[in-house]
Amino acid sequence: MTAVPAEPGPFTFDVGSTALLVIDMQRDFLLPGGFGESLGNDVGQLARVVPPLAGLLAGAREAGMLVIHTREGHEPDLSDCPPAKLRRGAPSLRIGDPGAYGRILVRGEYGHDIVDELAPLPGEVVLDKPGKGAFYATDLQEVLVGAGITSLIVTGVTTEVCVHTTVREANDRGYECLVVSDCVGSYFPEFQRVGLQMVSAQGGIFGWVAPSSAVLAALNPVPVS
Ligand code: C5J
């Protein structure tokens with residue numbers, strides 16, 4: 001067992017039964033000129049997540065941890081996009097419309113894929129999800145059960161939307177979740193701050209929160225000479 005100093009108390013995990021979950025680090029959300037920015041968002045708030053997350057991803061891979069990436073998006077015919085979701089946003093900026101990086105949030109388009117810095121390695125699990133939560137309409141539960149996973153180290157964007165929804169879904173399914181504070185991001189600084197507080201409040205109502213430096217230190221402890 002490894003312990004990470006965290007809020008509201010130490011998060012203990014075993015590398016063999018823990019997965020690193022990387023949520024929706026997609027070009028459509030992160031790149032300048034893309035879907036996220038076209039909605040009036042400051043994509044710089046998400047870009048700052050990339051360097052620490054690349055470091056954590058490297059550490060998790062080196063430790064042999066299961067890595068799972070997710071991508072939010074829809075079939076080209078949008079048959080898996082509920083009308084209520086499709087109707088949202090300005091008329092010219094809807095899911096499926098042509099954007100700077102291809103059709104917005106449509107599977108197979110350039111913008112739908114993960115940013116180059118965090119590209120999945122061959123053999124890593126990549127789950128396409130039509131909803132905000134990573135369990136809804138995906139094989140995530142089967143993947144986790146099949147790999148004997150009981151704990152999740154959760155990263156990605158956005159903190160208050162897909163990260164929160166997934167952590168809540170995971171919590172209800174019995175998974176222990178550590179949210180990595182500098183490896184999750186929101187377009188809105190206040191949502192980032194409060195979103196993290198909401199996870200660890202009330203004795204860790206949804207899970208634990210710690211920075212990537214603490215997780216990396218636990219994954220690669222300095223040997224005592
Ligand atoms: C959003 C997400 N914010 N991945 N998606 O629509 O959080």
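**Note on the predicted model: sheet, helices and ligand shell**

1. An open sheet of six strands, paired in parallel, runs through this structure in the order 7-4-3-8-9-10. Strand 7 (125-129) and strand 10 (208-210) stand at its edges with a single partner strand each, so one side of each has no neighbour in the sheet. From one strand to the next, the twist averages 25°.

2. For the overall picture, the protein has nine helices and 10 strands. Its radius of gyration is 17 Å, close to the 17 Å that the globule rule gives for 225 residues, so the protein is as compact as a globular protein of that length. Taken along the principal axes, the box filled by the C-alpha atoms is roughly 60 × 35 × 35 Å. Of the 225 residues, 42% count as buried, and among contacts with a separation of 6 or more, 73% come from residues 24 or more positions apart.

3. Strand 3 (18-23) deserves a careful look, since six of its six residues are buried. In a regular strand the side chains alternate between the two faces of the sheet. Here both faces are covered, with Thr18, Leu20 and Val22 buried on one side and Ala19, Leu21 and Ile23 buried on the other.

4. The neighbours of strand 3 in the sheet can be followed residue by residue. With strand 8 (151-157), strand 3 pairs in the parallel sense over six bridges, and valine 22 has threonine 155 of strand 8 as its bridge partner. With strand 4 (66-72), the parallel pairing of strand 3 extends over five bridges, and alanine 19 stands opposite leucine 66 there.

5. Helix 4 (residues 50-63) lies across strand 3, strand 4, strand 8 and strand 9, and it runs at about 140° to strand 9. Proline 52 lies in this helix, and this residue is buried, with 20 other C-beta atoms within 10 Å. Leaving aside residues up to four places away in sequence, proline 52 touches Asp182, Cys183 and Ser212. The C-alpha atoms of proline 52 and serine 212 are separated by 6.9 Å, although the two residues are 160 residues apart along the chain.

6. Some backbone details call for checking against the model, given that most residues other than glycine have a negative phi, and most peptide bonds are trans. The peptide bond from glutamate 7 to proline 8 is cis, with omega near 5°, and proline 8 is placed in the loop between strand 1 (2-4) and strand 2 (11-13). A cis peptide bond also leads from valine 157 to threonine 158, with omega near -10°; threonine 158 is found in the loop between strand 8 and helix 7 (159-172).

7. Aspartate 24, in the loop between strand 3 and helix 1 (27-30), has a phi near 55°, a positive value in a residue other than glycine. Leucine 78, which is not a glycine either, has a positive phi of about 60°, and its place is in the loop between strand 4 and helix 5 (83-86). Which of these two residues is buried, and which is partly exposed? Aspartate 24 is the buried one, with 26 other C-beta atoms within 10 Å, whereas leucine 78, with 18 C-beta neighbours inside 10 Å, counts as partly exposed.

8. The ligand brings several of these positions together, for it is surrounded by Asp24, Glu72, Val157, Thr158, Val161 and Cys162. By class, this shell has three nonpolar, one polar and two charged residues. Among the residues of the shell, Asp24 carries the positive phi described above, while Val157 and Thr158 are joined by a cis peptide bond.

Key:
Residues are numbered from 1 along each chain as its sequence is written. This is a predicted model: local features need pLDDT of at least 70, side-chain atom pairs count only at pLDDT 80 or more; totals for chains, interfaces and linings use all residues. A residue is near a molecule or strand if its C-beta atom, placed from the backbone, lies within 6 Å of it. Ala, Val, Leu, Ile, Met, Phe, Trp, Tyr, Cys and Pro count as nonpolar, Asp, Glu, Lys and Arg as charged, and the others, Gly among them, as polar. Helices (H or I, at least four residues) and strands (E, at least two) are DSSP runs, numbered from the N terminus. The radius of gyration is taken over C-alpha atoms; the globule rule is 2.2 Å times the number of residues to the power 0.38. A residue is buried if 20 or more other C-beta atoms lie within 10 Å of its own, exposed if 12 or fewer, and partly exposed in between; C-beta atoms are placed from the backbone. Two residues are in contact if their C-beta atoms, placed from the backbone, lie within 7 Å. Two strands pair if DSSP finds at least two bridges between them. Axes are lines fitted to C-alpha atoms, for helices over the stretch in contact, and angles run from 0 to 180 degrees between N-to-C directions.
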